[in-house]
Amino acid sequence: MEQFEPKLVAFVCNWCTYAGADLTGTSRIKYATNVRIIRFPCTGRIDFMLISKAFANGADGVIVSGCHPNDCHYTSGNFHARRRWMSYNAMLTFMGMDPERIIFSWVSAAEGAKWADIVNQSVDKIRKIGPFTEYQKLVQSGIEEENFNG
Amino acid sequence: MSRIGVFVCHCGENISATVDVAKVADDASRLPGVVHSVDYKYMCSDPGQTLVKDAIKEHNLTGVVVAACSPRMHEPTFRKACATAGLNPYLSEMANVREHCSWVHDKSEQTTQKAFDVVRAMISKVSNNGALEPIKVPVTKRALVVGGGVAGIQAALDIANCGHQVVLVERSPSIGGHMAQLSETFPTLDCSQCILTPRMVEVAQHPNITLYTYSEIESVDGFIGNFKVKIRKKARNLDEELCTGCGLCTTKCPQKKIPSEFEQGLGFRPAIYTPFPQAVPNKPIIDHDNCTYYKSGKCKICEIVCPTKAIRFEQEDTILDIEIGAIVLATGFDIKRSDFFPEYGKGKYKDVIDGLQFERLASASGPTQGMIRRPSDGQIPKKIVFIACAGSRDPAKGIEYCSKICCMYTAKHAMLYKHKVHDGEAHVFYMDIRAGGKMYEEFVRRAIVEDHVNYTRGRVSTIYELDGKLIVKGADTLLGAQAVEIEADMVVLATAGIANEGSEELAQKMHVSYDQHKFFAEAHPKLKPVETNTGGIFLAGACQTTRDIPDSVSMASGAAVKVAALFSSDLLTREPIVARVNRIPGPSHSTCVGCFLCQPVCPYQAIEREEIKDRAGNVIKSLARINEGLCQGCGTCVALCRSKSIDLLGYTDNQMHSEVLSVLEEAFV
Amino acid sequence: MDNLRKKAKELLESKSVDLVIGYENGTNGKARAVFIKDPEKTGKLIYDERCKQNLAVYLNKHEVKHYGRIAIVAPLMVMRSILVLISECQVKQENITVLGIGNDGSFLDFQSMEVVEKYISKIPLGNPEPDQVIIDKLNAMTMEERREFWQNELERCFKCYACRAACPMCYCLRCTVECNQPQWISAPAHPLGNLEWHQLRTMHLTGRCVSCGDCGRACPLNIPIHLLTMQQAEEAFHMFGVRAGTSMKADSALSTYKPDDKENFIL
């Protein structure tokens, strides 16, 4: 059987993780091709609804990454983001949706190697968990209903 | 309908070696909204940019996607190209297919597919881009230089000589930094203080420089051109206007045996002191921890003897608020001390000293008047072992990097020793001799050939004391790792240079990045070595990595030019990446309901309250408004706003939403 | 009860307030909201265990807002809601008179909002016990079981938004669910759209929910959606040490932070 190749989207801040991922490139460190990076100015800009949109549109996993605490380019965006993620994780857990498909990390502009590790670990993890079929079923039922209504 | 042009770059072979660029361009040409799609060897080159400009005109493009390197690299290039061709620069986006794709993946279908997915996502984003106009903000033409070592001094002088105001802040009681502590400097062996002190005096006397010594940065708010800095001026316990610097207080102080920081603990100072005779300013401070009066409430001898009655025991720290346009960080470095090395006695052998201590021993103004005497008994050592790379290039010690200055100063130390103790023996253990620099290699050669310094390639595994001698055990790797044992009278460790104490906290106050060793991070390792990622904050000297005097000075001048360039115009053009609260026709005026939960979230206090009034002047609605001069575009308020009433220009909900949807479309992986 | 009516009458007679919002006897033995402008009608006011509705929801309604000064019968949940609304600039502190109801049903005469704050600071806060029991039960389930539970429950939702209308904190002019540029929430009432809607509601109430339970009571299908926001209220307290509706300051869980907030999942 062919190996399952998960789709991941990474929401990263411009100043730390995006720059860190640039450094991964400059350092020519190889990592899995499964992740697509989306640049935000700051983790504080990342709306939790974008994460659920990613899942609704076929992502098997989402990486959210930004500056380490105290290192935010805007001082406190990552602190606000952290509270948002803590709340989001708590909600998902209570709703029976294991937040394991969302990988949160702090990757600084100097941590090119860490970025490669985070990507590879995340891809491995999601590959093990498998495709997000539960969510895709929800999406499918939505499409069917819409077709029926329309 | 959008008319998007897609430009896929080969970057020589950097992208095309692993990504099928022609296929990406071809596939992109079939995407909805794309009217032009090409690939080219070097998009950033002149002909490459012309390709973009011509296409904008020829195809009447409404958006441009350049698939090339990181936008952190060339976004401004292509925005400028668009602008010259008459397209609003913010209608262009870059797809990062180099750093995030071709360089991190092998050549494969997946790599090409990934590149295409990223291009498609950016096409989708750019279709939702809007034309934006840059924001103009005024510039405060006053620079802040943090750190008064040679780099800070140079930067301050250069900026001041360009006709701009400079505030120089130094946390110790005098400017001068480590360079003031050095005896002679390589490769010319000229006296360090002789060349530095005139510069120090120039700083003190320069009409454009305001000097705050014994002061620290309390906080930094604001942004490029418009920083608001709080400086804590610590109490010197002195009326600085009255003090003439006669030094009578320091000679009469009953506390005389306090280890001197300036002398690296090898000499003593009183409780009221100036760190060294040439200190600038030449005004003492009182060390509360060791002052008899602060400890017991009695003494006050300094107050009694002071001829101008300048002592102020009750003086408190003052906080100064200063508006600043640009900042140069020149906070320098520190070195590991001998207690960092368990194998070399963990600091308990008095005669195992570090490089800065040797500088003080060799200095004519030092505790031994320039005679090389060992700290334990004051004897002149007949045999000294110098150990280079003590801590540096040693991953086991957490310091992988080369400290860069030690090879040269070790050669200098050995040479100075031989010049002072003619019958002495100098041994150097080294890993490699790194003497890159004008006259550097020649200098090391001179130490070996003319001054007969014995160089042994190898590391020292252990040092222990035996009968008043230090037994140094090492290996000579050029003789097949043959064991070497030297009975030395003194050992000098060329310990690793490290980030200065407090650099992490300062970086956090300044919102600049730092590397894993807590050195401040430059914006680009090659092309922006003096800039930081934070606009308006520049780096000079060893706070970025350990470096020698000529390097520090040239970097300081570089930073000064950056500041002068920033100050060359009255208005600063800022990226229009700012948040905005939506406005709709009355009676709602905005979907904002004025809950103002966004206010505490904003790090820049940029969210104001706007009141909408009816004709009679009654307030009918309060809603949030973003001050575009203060907003830095983090977007934290945008994600917080429940009613989606705030959006971030350049990263709007529509843009981000479409990017997420489109990056996940169809074929993937 | 007499004290409550007396105070309400006094306030209207002296024109200290323009409107009293309280509970009265409705049909079928139920209690319902009443809006009194005439001091002579204050005899209608009641308070007993049937009076469960969170009256604070009316404070932000267009029809009520223009009355200016309002007295409101306020058991604990209503008091807390009022504090949230004040902290979010939705009602003016000086326009509200709280006709407080103690946990034992007695009338509490509060002179000012500061006294209300002080009163609340002394009472143990949390979710109503029956709801917390169900929450604990849900938390004891496996992830899989919980998912099934919520999937079955939320599947039934047909997006009437009664929960939104009942909640005093859902006062936005345009709810994100109605935003179609971009379309954040799938519009139809299918499982995905329902899940997205309830996640949105839950997140938007995190740190702001006072656990009144009105959303759940308003649901015509009896979907226990109040458990979602109640659980988040409890989580916010555990994670950040904040409870909504305890002060007039704008310091809700998600609009503030501490540099040392502790989590265990960020790599």
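Biologist: How many helices and strands are there in chain B?

Modeller: In this predicted model, chain B holds 18 helices and 34 strands, and its C-alpha trace spans about 90 × 75 × 40 Å along the principal axes.

Biologist: What makes a residue of chain B count as buried, and what percentage of the 669 residues do so?

Modeller: A residue is called buried if 20 or more other C-beta atoms lie within 10 Å of its own, and 52% of the 669 residues of chain B count as buried. Of the contacts in chain B between residues at least 6 apart in sequence, 69% join residues at least 24 apart.

Biologist: What makes a set of residues a nonpolar core, and which residues touch the most other members of the largest one?

Modeller: The members must be buried, of nonpolar types such as Ala and Val, and joined through C-beta atoms within 7 Å. The largest such core has 320 residues, of which B:Ala67 and B:Val119 touch the most other members. Helix α12 (residues 406-420) of chain B gives this core its largest share, nine residues.

Biologist: Which residues is B:Val119 in contact with, leaving aside its neighbours within four places in sequence?

Modeller: Contact requires C-beta atoms within 7 Å, and with those neighbours left aside B:Val119 is in contact with B:Val6, B:Val24, B:Ala28, B:Val65, B:Ala67 and B:Ala95.

Biologist: How do you know what span is expected for helix α1 (residues 2-13) of chain C?

Modeller: The expected span is 1.5 Å times one less than the number of residues. With twelve residues, α1 of chain C is expected to span 16 Å, and the 16 Å from its first C-alpha to its last is close to that value.

Biologist: Why are the buried residues of α1(C) said to be on the same side?

Modeller: The buried residues are C:Leu4, C:Arg5, C:Lys7, C:Ala8, C:Leu11 and C:Leu12. They lie on the same side of α1(C) because they cover an arc of only 165° around the axis. What covers the buried residues includes β1 (19-25), β2 (31-36) and β3 (70-74) of chain C, among others. After α1(C) comes C:Lys15, with a positive phi near 55°.

Biologist: How is chain C divided into domains, and what makes up the side of domain 1 of chain C that touches domain 2 of chain C?

Modeller: Chain C is divided into domain 1 (2-121) and domain 2 (129-255), and the C-alpha centres of the two lie 25 Å apart. In their contact, 22 residues of domain 1 of chain C meet 17 residues of domain 2 of chain C. On the domain 1 side, α3(C) gives the most, with eight residues, and the residues of that side divide into ten nonpolar, eight polar and four charged.

Biologist: How many residues of chain B are in contact with chain A, and how many does chain B give to the contact with chain C?

Modeller: Chain B places 44 residues in contact with 43 residues of chain A, and its side there divides into 20 nonpolar, 16 polar and eight charged residues. The contact between chain C and chain B takes 17 residues from chain C and 18 residues from chain B.

Key
Residues are numbered from 1 along each chain as its sequence is written. Chains are lettered from A and ligands numbered from 1 in the order in which they are written. This is a predicted model: local features need pLDDT of at least 70, side-chain atom pairs count only at pLDDT 80 or more; totals for chains, interfaces and linings use all residues. A residue is buried if 20 or more other C-beta atoms lie within 10 Å of its own, exposed if 12 or fewer, and partly exposed in between; C-beta atoms are placed from the backbone. Helices (H or I, at least four residues) and strands (E, at least two) are DSSP runs, numbered from the N terminus. Two residues are in contact if their C-beta atoms, placed from the backbone, lie within 7 Å. The arc is that of the directions from the helix axis to the C-beta atoms. Domain bounds come from an automatic or database domain assignment. Ala, Val, Leu, Ile, Met, Phe, Trp, Tyr, Cys and Pro count as nonpolar, Asp, Glu, Lys and Arg as charged, and the others, Gly among them, as polar.
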